[in-house]
Amino acid sequence: MSFKINQGLFQLGITDNHAILGIKIDADFNAIRKQYMRIARRLHPDTSAFQETEDKELGKELLAKLVSPAYNKFSKDDEKREYELLINTIADRIKKDPNSIEISTEAAKQLQTIGDFNQAYETSLQELVEQQYESPKQALARIGEISELNLVYLMRSRSGNVVATPTPPPPPAEAKSEEAPPPRPVKTSFVDKACDRAVQLMETSNYAKAILELKDAVKREPSHPRCHGLLGLIYIKQNQPKLGTPHIRKALSIDPNQPEAIEAQQLIQKTATTSSVKGKSKKSGSGSGGLLGRLFGGSKKK
């Protein structure tokens, strides 16, 4: 399934990752990561509250093909720099030729003329974000509306240099500065590529091949948090918590906010809750803590 959006920045040939995630143009990475986790919980078939099968499948597609790729653009330094450069280029273009863009939503039209556009932008954005993924069928329309807000915000804030990276002051006239060599392009590592391949394999439920990819990768880079997080998540999806738990612990010890490891923990929590409900009528044994206690070091009776 392909998703096509023709509003806002999308009409200029750019994928508006800010609009897909429902974040401000100048959002920091902590805010981006927090919003991604909120959307992932909403759309993932194991944690979503959607009742209809069609909504569950559409939510899964949105997560895999729009939301996760958008988040990856911000989580990888080289792709983030490339995307920010593209945003700056687009901002310059629309400032020089504002008549080249088309605005159709009422909120974006008001943002074009309102006095305090910064506050109006945040307020309108928040209203749309609250509804953005409530219904998977309406998600593309909400993304388009948010992108129109982003487009107008860029057009109005460009003169204040909100988006552009500040230019450092020139060196003193007396000093002779040598031109620094251009930075070398950052290459995606073997492990990062392996993780991306594993995600694609997970989307087709090819877990065995995904595990092989990740095991080979983790041998090369034993402290890669995403690699361990993905391994843990796959094992949990295959109902193999004893194999998945060490990788989840490793991922979270390196990065406490590692998304895949957190998702795996949530699945364990969900399984533990279900097991607890089913076992209420049975006589309790000597152990304590349930599934989470056994996996993540629950307390023992003295």
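The accessible surface of this protein comes to about 17,800 Å² (Shrake-Rupley method, 1.4 Å probe), and carbon and sulfur atoms hold 50% of that surface. Keep in mind that this is a predicted model, where local features need pLDDT of at least 70, side-chain atom pairs count only at pLDDT 80 or more, and totals for chains, interfaces and linings use all residues. Residues are numbered from 1 along each chain as its sequence is written, and side-chain values use heavy atoms, without hydrogens and water.

Of the 302 residues, 41% count as buried (under 20% relative accessible area; exposed is over 50%, partly exposed in between; 1.4 Å probe, protein chains only).

Let's look at one pair. The axes of helix 3 (residues 53-75) and helix 4 (residues 77-96) come within 5 Å and cross at roughly 95 degrees (lines fitted to C-alpha atoms over the stretch in contact, angles from 0 to 180 degrees between N-to-C directions). So helix 3 is roughly perpendicular to helix 4 (65 to 115 degrees). Asn72, Lys73, Phe74 and Ser75 of helix 3 meet Asp77, Glu79, Lys80 and Tyr83 of helix 4 in this contact (heavy atoms within 4.5 Å).

Now for a single residue. Lys237 sits in helix 10 (residues 225-237) and is partly exposed, with a relative accessible area of 25%. Beyond its neighbours within four places in sequence, Lys237 is in contact with His44, Asp46, Met202, Tyr207, Glu263 and Leu267.

Definitions and conventions: Helices (H or I, at least four residues) and strands (E, at least two) are DSSP runs, numbered from the N terminus. Angles under 35 degrees count as roughly parallel, over 145 as roughly antiparallel, 65 to 115 as roughly perpendicular and the rest as oblique.
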